[in-house]
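Subject: Structure for you to look at

Hello,

Here is the structure I said I would pass on. Please open it and read the notes below alongside it.

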Amino acid sequence: MNVNPIRTKDDYRAALAVVSKLVDKDPAPGTPDGDRLDVLATLVEAYEAKHYPIPAPDPIEFLQHVMESRGLTRKDLEPCIGSRARVSEILNRARPLTLTMIRRLSDVLNLPADVLVKEYPAKAA
């Protein structure tokens with residue numbers, strides 16, 4: 001297996017081309033092509049993380065997206081956040097998420113706490 005580090009955009013493009021060809025072949029894990037695909041995918045992922053990082057989303061936008069994608073209502077958030085008024089305050093950015101709320105959202109809805117603890121803009125009072 002001949003695999004080289006990805007250091008430049010040209011290296012990156014070449015690795016993507018090989019990955020694309022390997023994916024089309026759909027190699028079985030543990031085979032030479034399967035191992036090569038696994039290693040190249042790891043290298044591509046590391047290169048992308050370094051050169052094309054994706055910032056963490058805004059916690060409230062993330063929470064709203066989760067609600068929409070899972071078909072959740074504001075009432076569904078009450079066990080994690082508190083009263084209907086408190087949920088409204090959080091979603092309208094009138095009040096910040098507390099550590100207790102973040103822990104509950106993480107535990108109950110299986111959300112990544114590291115996204116929810118990120119600072120976000122609040123509405124001016």
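Two rings of Phe, Tyr or Trp count as an aromatic pair if their centres lie within 6.5 Å. By that rule Tyr12, Tyr47 and Tyr52 form one aromatic cluster. Please keep in mind that this is a predicted model.

The whole structure holds three aromatic pairs. In one of them, Tyr12 and Tyr47 are stacked, with 4.8 Å from centre to centre and 20 degrees between the planes. Tyr12 belongs to helix 1 (residues 9–25) and Tyr47 to helix 2 (residues 32–51), so this pair ties together parts that are 35 residues apart in sequence. Both Tyr12 and Tyr47 are buried.

Next, helices 4 and 5. The axes of helix 4 (residues 74–81) and helix 5 (residues 84–91) come within 9 Å and cross at roughly 100 degrees, which means that helix 4 is roughly perpendicular to helix 5. On the helix 4 side the contact is made by Arg74, Leu77, Glu78 and Ile81, and they meet Arg84, Arg86, Val87, Ser88, Ile90 and Leu91 in helix 5. Of the residues in this contact, five are nonpolar, one is polar and four are charged.

Last, helix 6 (residues 99–109). Its buried residues include Met101, Ile102, Leu105, Ser106 and Leu109. These cover an arc of only 135 degrees around the axis, so they sit on the same side of helix 6. Among the elements that cover them are helix 3 (59–70), helix 4, helix 5 and helix 7 (113–116). The face turned away from the buried side carries Arg103, Asp107 and Val108, which are exposed. Just after helix 6, Asn110 has a positive phi of about 55 degrees.

Regards

Conventions: Residues are numbered from 1 along each chain as its sequence is written. This is a predicted model: local features need pLDDT of at least 70, side-chain atom pairs count only at pLDDT 80 or more; totals for chains, interfaces and linings use all residues. Side-chain values use heavy atoms; hydrogens and water are left out. Axes are lines fitted to C-alpha atoms, for helices over the stretch in contact, and angles run from 0 to 180 degrees between N-to-C directions. Helices (H or I, at least four residues) and strands (E, at least two) are DSSP runs, numbered from the N terminus. Angles under 35 degrees count as roughly parallel, over 145 as roughly antiparallel, 65 to 115 as roughly perpendicular and the rest as oblique. Contact means heavy atoms within 4.5 Å. Ala, Val, Leu, Ile, Met, Phe, Trp, Tyr, Cys and Pro count as nonpolar, Asp, Glu, Lys and Arg as charged, and the others, Gly among them, as polar. Rings of Phe, Tyr and Trp (its six-membered ring) pair if their centres lie within 6.5 Å; planes under 30 degrees apart count as stacked, over 60 as edge-to-face and the rest as tilted. Buried means under 20% relative accessible area, exposed over 50%, partly exposed in between (1.4 Å probe, protein chains only). The arc is that of the directions from the helix axis to the C-beta atoms.
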